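User: I have a protein model open and would like to learn how to read it. Can you take me through the features one by one?

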Amino acid sequence: MIPTYYEFTNPAKICSGKGALEHIPYELKMLNGHCPMVLSDNTLKKLGLLDLLLEAMPEVAVGRVYTDIPTDSSVETVNQIAREYRAYGCDSIVALGGGSVLDTAKGLKLVISQHTDQLLDQMGCDCIPSGLKVPFIAVPTTAGTGSEATAVAVIKNNEKRIKMEFISEVVLPDVAVLDPRLTMGLPPRVTAATGFDTLCHAVEAYSCLQKNPVSDAYALAAVSMVSHNLLRAVENGKDKEARYAMANASYLAGAAFSNSMVGIVHAIGHALGSIAHVPHGEAMAILLPVGMRYNLKYCRET
Ligand SMILES: [Fe+2]
């Protein structure tokens with residue numbers, strides 16, 4: 001059934017496939033980004049993925065490379081990076097990483113665009129104006145969170161010991177770069193868990209009450225890609241085609257649930273993560289079958 005009214009937002013340009021990283025200088029130029037801040041983490045630096053990114057953009061005058069981003073991004077981290085962004089005269093963001101790095105970049109964009117130096121100033125704001133233009137290129141290194149396509153930043157408030165969600169179109173990237181070279185080294189268990197997160201985003205987006213025909217199209221395409229490629233990527237991490245398909249599935253599922261939301265599986269999964277420290281993707285794999293069984297009668301009614 002088509003809802004009587006719905007909205008769908010997915011403004012990011014996608015640079016996807018072979019040599020996608022090498023397109024970043026052009027995209028920055030088109031966005032008027034001349035002095036980007038590059039965000040990543042120390043694990044990706046050790047693995048050589050940060051070098052891969054920097055080597056792909058030799059003509060870009062990078063203002064600052066920042067890699068001290070913890071596994072769970074925090075308000076303090078975002079505020080510190082915002083100070084450095086201004087001190088080094090940066091005018092744009094290139095973020096290479098998984099959920100935490102991309103969430104940090106989104107928090108940074110929020111702080112800079114709203115002319116503040118405290119992320120918490122934006123806490124609980126329903127309506128955040130677009131503010132200062134901050135070109136933002138997201139380069140995911142896992143195929144799971146779909147963060148490069150979502151209008152949500154999850155950032156920890158260490159003082160209150162809670163994870164906060166900042167939801168605004170302001171945090172959406174301008175460009176998402178999906179390069180299969182970046183996920184080739186992920187171990188099988190991480191590939192499986194993050195792949196299940198993607199599947200769960202798509203299934204919950206397709207079965208929740210806020211779904212619409214456009215989010216349905218994205219979700220179904222993601223389910224199809226996961227069903228044909230996740231096992232291949234787990235069994236052979238060097239399968240470029242399967243890795244590439246999973247990166248696309250993650251993006252599509254992210255765009256779907258960013259617009260139609262997720263449901264009970266994520267609600268319980270987040271609680272399991274906070275209290276019992278169950279990794280997010282593994283929680284999704286455990287909970288998806290029972291969550292869907294629970295939802296079945298409601299899905300039949302709608
Ligand atoms: Fe998820």
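**Reading the helices, domains and backbone**

Analyst: Start with helix 6, which is mostly covered: 18 of its 20 residues are buried. Buried means that 20 or more other C-beta atoms lie within 10 Å of a residue's own; exposed means 12 or fewer, and partly exposed is in between, with C-beta atoms placed from the backbone. Helices (H or I, at least four residues) and strands (E, at least two) are DSSP runs, numbered from the N terminus.

User: What kind of model is this, and how are residues numbered?

Analyst: It is a predicted model: local features need pLDDT of at least 70, side-chain atom pairs count only at pLDDT 80 or more, and totals for chains, interfaces and linings use all residues. Residues are numbered from 1 along each chain as its sequence is written.

User: How many helices and strands does the protein have?

Analyst: The protein has ten helices and eight strands. Its radius of gyration is 18 Å, close to the 19 Å that the globule rule gives for 302 residues, so the protein is as compact as a globular protein of that length. That radius is taken over C-alpha atoms, and the globule rule is 2.2 Å times the number of residues to the power 0.38. Along the principal axes, the C-alpha atoms fill a box of roughly 55 × 45 × 40 Å. Buried residues make up 51% of the 302 residues.

User: What share of the contacts comes from residues 24 or more positions apart?

Analyst: First, the term: two residues are in contact if their C-beta atoms, placed from the backbone, lie within 7 Å. Of the contacts with a separation of 6 or more, 80% are between residues 24 or more positions apart.

User: Into which domains is the protein divided?

Analyst: Domain bounds come from an automatic or database domain assignment. Here they give domain 1 (13–182) and domain 2 (188–301). The domain centres, taken over C-alpha atoms, are separated by 23 Å. Across the boundary, 17 residues of domain 1 are in contact with 19 residues of domain 2. On the domain 1 side, strand 1 (13–16) and strand 8 (175–178) are the elements that give two or more residues. By class, that side has eight nonpolar, eight polar and one charged residues. Ala, Val, Leu, Ile, Met, Phe, Trp, Tyr, Cys and Pro count as nonpolar; Asp, Glu, Lys and Arg count as charged; the others, Gly among them, are polar.

User: How do I check the length of a helix?

Analyst: Compare its end-to-end distance with the expected span, which is 1.5 Å times one less than its number of residues. Helix 6 has 20 residues and reaches 28 Å from its first C-alpha to its last, close to the 28 Å expected. Helix 9 (residues 264–276) has 13 residues and should span 18 Å; its end C-alpha atoms are 17 Å apart, which agrees.

User: Which residues of helix 9 are buried?

Analyst: Val265, His266 and Gly269 are buried in helix 9. They cover an arc of only 85° around the axis, which puts them on the same side of helix 9. The arc is that of the directions from the helix axis to the C-beta atoms. The face turned away carries the exposed residues Ala271, Ser274 and Ile275. The buried residues of helix 9 pack against helix 6 (188–207) and helix 10 (280–301).

User: Why does Glu204 count as buried?

Analyst: Glu204 is buried because 27 other C-beta atoms lie within 10 Å. Glu204 is found in helix 6. Beyond its neighbours within four places in sequence, Glu204 is in contact with Phe257, Val262, Gly263, Val265 and His266. Ser207 is also found in helix 6. Ser207 counts as buried, with 22 C-beta neighbours inside 10 Å. The C-alpha atoms of Ser207 and Tyr298 are separated by 9.1 Å, though the two are 91 residues apart along the chain.

User: What should I look for in phi?

Analyst: Most residues other than glycine have a negative phi. His115 has a positive phi, near 55°. His115 is in the loop between helix 5 (99–113) and strand 5 (136–140), and counts as exposed, with 9 C-beta neighbours inside 10 Å. Phi of Met261 is also positive, near 75°. Met261 is in the loop between helix 8 (240–260) and helix 9. Met261 is partly exposed, with 16 other C-beta atoms within 10 Å. Helix 9 is followed by His277, whose phi is positive, near 55°.
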